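Reader: Can you walk me through this one? Keep it brisk.

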Amino acid sequence: MPATERADYVQQLLEIQGVVDVREMLVGRRNIYVEVVGTSTQDITRITDTLHESGITVESSEIMRSRYVQPFDHFHFSEAGADEQHES
């Protein structure tokens, strides 16, 4: 998407049912990242078709099977914990 048009499209993209995250990236061709969720391939096809109708070119797509996350809490090391890590 042209850089001058990205901000205008963000709200429009967020209004598409199934779009949960839109990120403006500081790169060339892949400058919009759109995360979508659906319960079937028909949902994903509908969303992808709507993105195309909005003027977005989909460079690549990935289907996630599972996601595993944990909170990042490494800013709160204690001095004792840091010493233990250096000794192991």
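Author: Here is a short tour by topic. This is a predicted model, where local features need pLDDT of at least 70, side-chain atom pairs count only at pLDDT 80 or more, and totals for chains, interfaces and linings use all residues. Residues are numbered from 1 along each chain as its sequence is written, and side-chain values use heavy atoms, with hydrogens and water left out.

Reader: What does the secondary structure of the chain come to?

Author: Three helices and two strands. Along the sequence the pattern reads α-β-β-α-α. Helices (H or I, at least four residues) and strands (E, at least two) are DSSP runs, numbered from the N terminus.

Reader: How much of the chain is buried?

Author: Buried residues are 18% of the 88 residues. Buried means under 20% relative accessible area, exposed over 50%, partly exposed in between (1.4 Å probe, protein chains only).

Reader: And what does the accessible surface come to?

Author: About 7,600 Å², with 50% of that belonging to carbon and sulfur atoms. Areas come from the Shrake-Rupley method with a 1.4 Å probe; for residues, only the protein chains shown count as cover.

Reader: Which residues form the largest nonpolar core?

Author: There are ten: Tyr9, Val10, Leu13, Ile16, Val19, Val22, Ile32, Ile47, Leu51 and Ile56. α1 gives the most, with three residues. A nonpolar core here is a set of buried Ala, Val, Leu, Ile, Met, Phe, Trp, Tyr and Cys residues joined through side-chain atoms within 4.5 Å.

Reader: Why would such side chains group?

Author: In soluble globular proteins, nonpolar side chains tend to be buried together.

Reader: Ser54 next. Is it buried or exposed?

Author: Ser54 counts as buried because its relative accessibility is 11%. Ser54 lies in the loop between α2 and α3 (79–87).

Reader: What does Ser54 touch?

Author: Tyr9, Gln12 and Ile16, leaving out residues up to four places away in sequence. Contact means heavy atoms within 4.5 Å. With Gln12 there is also a side-chain to side-chain polar contact at 3.4 Å. A polar contact is a pair of N or O atoms within 3.5 Å; within protein, one must be able to donate a hydrogen and the other to accept it, and residues adjacent in sequence count only if both atoms are side-chain atoms.

Reader: How many salt bridges does a search of the whole structure find?

Author: One. Arg23 pairs with Asp21, their closest N and O atoms being 2.7 Å apart. The criterion is a side-chain nitrogen of Lys or Arg within 4 Å of a carboxyl oxygen of Asp or Glu. Arg23 counts as partly exposed, because its relative accessibility is 39%.

Reader: Which residues form a nonpolar patch on the surface?

Author: Met25, Val27 and Tyr33, with about 250 Å² of accessible area together. Patches are made of residues with over 30% relative accessible area and no salt bridge: like charges are joined within 9 Å, nonpolar side chains (Val, Leu, Ile, Met, Phe, Trp, Tyr) within 5 Å.

Reader: Where is Val27?

Author: In the loop between β1 (19–24) and β2 (32–36). Val27 is partly exposed, at 46% relative accessibility.

Reader: Last one. Where is Glu62, and is it buried or exposed?

Author: Glu62 sits in the loop between α2 and α3. Glu62 is exposed, with a relative accessible area of 75%. Glu62 and Glu35 are 27 residues apart in sequence, and 9.7 Å apart C-alpha to C-alpha.
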